[in-house]
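Colleague: Please put the model up, and then we can go through it by question and answer.

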Amino acid sequence: MNTLAARPKSLPHLVPRLIILALAGLFIFYHVTMLIEFARGSEESSSALYNRVQASLRVGIIVSLTLVALGKRFALWTMWLCIGSLIGTHYWAHFGMVEADFTIGRHPLSYLKGLIMPSIVTTAFLYRRA
């Protein structure tokens, strides 16, 4: 009998999984609450197109993070695509013709903080695979 196959996962391999689950769960909760606010009519901007684009990107983030938590590698690409696009829509509102309340008094680089948690999730996912 091979003792390595029968041995449970070690603690160093458990930590990245817990990080992924915790951050993905937090991210999913945040984007679900944002979708609920959108459904209630608490719109982020005056543009209906902008709100629909953001809502669809949030659904994409929720689905991709769920798949990342389940260990699907391709979902990392989808997660980054959706999050990058969501940050792009924030710049669209900040520099474009969309009137949105969240742009008032914000520095343009402040939207990049949305890349911190996906970076940690990606690092933990890739470390878990090693």
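Modeller: Helices (H or I, at least four residues) and strands (E, at least two) are DSSP runs, numbered from the N terminus. This is a predicted model, in which local features need pLDDT of at least 70 and side-chain atom pairs count only at pLDDT 80 or more, while totals for chains, interfaces and linings use all residues. Residues are numbered from 1 along each chain as its sequence is written, and side-chain values use heavy atoms, with hydrogens and water left out.

Colleague: What pattern does the protein follow along the sequence?

Modeller: The protein has five helices and zero strands. Read along the sequence, the pattern is α-α-α-α-α.

Colleague: Which residues form the salt bridge?

Modeller: A salt bridge here is a side-chain nitrogen of Lys or Arg within 4 Å of a carboxyl oxygen of Asp or Glu. Side chains of opposite charge can pair when their charged atoms come close. A search of the whole structure finds one such bridge. Its closest N and O atoms are 3.6 Å apart, and the partners are Arg-40 and Glu-37.

Colleague: Where do Arg-40 and Glu-37 lie?

Modeller: Buried means under 20% relative accessible area, exposed over 50%, and partly exposed in between (1.4 Å probe, protein chains only). Arg-40 has 64% and so is exposed, whereas Glu-37 has 32% and is therefore partly exposed. The two are three residues apart, about one turn of the helix, and both lie in α2.

Colleague: Which elements give two or more residues to the nonpolar patch?

Modeller: Val-15 counts as partly exposed because its relative accessibility is 38%. The elements asked for are α2 and α5 (116–129).

Colleague: What volume does the largest pocket have?

Modeller: On a 1 Å grid over the protein atoms alone, a pocket is an open set of points where a 1.4 Å probe fits, with protein on both sides within 12 Å along at least five of seven lines. Grid points are joined across faces, edges and corners, and a volume is the space filled by probe spheres set on the points. For the largest pocket, that gives about 400 Å³.

Colleague: Which lining residues are the closest to its centre?

Modeller: Lining residues have an atom within 4 Å of a point. Of the 18 lining residues, the closest to the centre are Tyr-30, His-31, Leu-86, His-90 and Gly-114.
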